[in-house]
Amino acid sequence: MRTRRDDGVARRLVTSFYDRPTLTVAAELIGKVLVHRTRGGIASGMIVEVEAYIGEDDPACHAAPGPTARNAPLYGPPGLAYVYLNYGIHYLVNAVTEAEGSPAAVLIRALQPIDGLDLMVRRRSGGGRTLQETDLCRGPGNLTRALGITLQQNRADLREDTLWIEDRGLAVGNLVWGPRVGIRRGVEQPWRCAIAGHPSVSGPRPVLR
DNA sequence: CGTTCGATGCACT
DNA sequence: GTGCATCGAACGT
């Protein structure tokens with residue numbers, strides 16, 4: 001799973017990007033491009049929605065119980081991918097942040113599709129559904145499916161491997177912060193960040209006020 | 001629009 | 001056993 005010359009090396013986010021406070025990384029990941037290259041081709045999209053999960057004191061963070069086999073990547077170096085299976089059905093992808101030993105990550109929740117639209121449609125068309133482009137990568141489980149991300153990408157190094165995040169200098173609109181969705185505890189923290197009014201943002205839209 | 005609910009695998013108690 | 005960082009179909013309004 002090594003890098004090829006054309007794998008966005010010059011634009012890839014580097015260690016110093018991920019090795020910062022998680023809320024800072026979360027905000028700056030908006031507008032960056034998540035890319036996955038497989039044998040089937042390249043698929044990518046601009047990140048439009050994320051959530052931060054920060055440390056063992058965050059009850060919604062997988063590190064809340066302390067170190068385990070599953071959450072080990074969270075304790076690893078910044079710039080790793082943390083992928084896990086949720087509800088037995090969906091794979092969710094995170095970018096590990098902050099220094100090694102400090103468990104935190106940013107969950108990627110939605111993308112605006114850019115490259116490999118046909119590939120994404122093929123991967124998403126499980127039941128003869130008709131999919132709008134804006135729905136292809138709307139929701140954390142949907143985007144991993146569209147990009148072909150599975151447990152195989154867990155612990156992938158976003159700085160070196162065939163799954164990565166790059167900066168194409170894309171413009172983003174206003175950012176909105178709101179409560180994280182789909183969790184029971186830790187609801188108080190407004191650690192979800194999205195592009196205001198973007199059509200690919202999942203779930204309840206954070207209200208701009 | 002909205003809400004409810006089943007599918008499904010695995011970490012953790 | 002229990003409880004999820006979900007999704008989409010099916011139904012109600």
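1. In this predicted model, Asp118 and Arg122 are exposed on one side of helix α3, whereas Leu119, Met120, Arg123 and Arg124 of the helix, which spans residues 117-124, are buried. An α-helix has 3.6 residues a turn, so residues three or four places apart point the same way.

2. What do the buried residues of α3 pack against? Their partners are the strands β1 (33-38), β2 (41-54) and β5 (104-113), together with helix α4 (140-147).

3. Helix α4 is mostly covered, with six of its eight residues buried; these are Pro140, Gly141, Leu143, Thr144, Ala146 and Leu147. The buried residues of α4 pack against α3 and against the strands β1, β2, β4 (90-96) and β5. Just after this helix comes Gly148, which takes a positive phi of about 75°.

4. On the surface, attention may turn to a nonpolar patch formed by Leu23, Val172, Leu175 and Trp177, whose accessible area together is about 300 Å². One of these residues, Leu175, is found in strand β7, which runs over residues 175-178. Leu175 counts as partly exposed because its relative accessibility is 31%, and the class in question lies between under 20% for buried and over 50% for exposed.

Terms used. Residues are numbered from 1 along each chain as its sequence is written. Chains are lettered from A and ligands numbered from 1 in the order in which they are written. This is a predicted model: local features need pLDDT of at least 70, side-chain atom pairs count only at pLDDT 80 or more; totals for chains, interfaces and linings use all residues. Side-chain values use heavy atoms; hydrogens and water are left out. Buried means under 20% relative accessible area, exposed over 50%, partly exposed in between (1.4 Å probe, protein chains only). Helices (H or I, at least four residues) and strands (E, at least two) are DSSP runs, numbered from the N terminus. Contact means heavy atoms within 4.5 Å. Patches are made of residues with over 30% relative accessible area and no salt bridge: like charges are joined within 9 Å, nonpolar side chains (Val, Leu, Ile, Met, Phe, Trp, Tyr) within 5 Å. Accessible areas come from the Shrake-Rupley method with a 1.4 Å probe; for residues, only the protein chains shown count as cover. A salt bridge is a side-chain nitrogen of Lys or Arg within 4 Å of a carboxyl oxygen of Asp or Glu.
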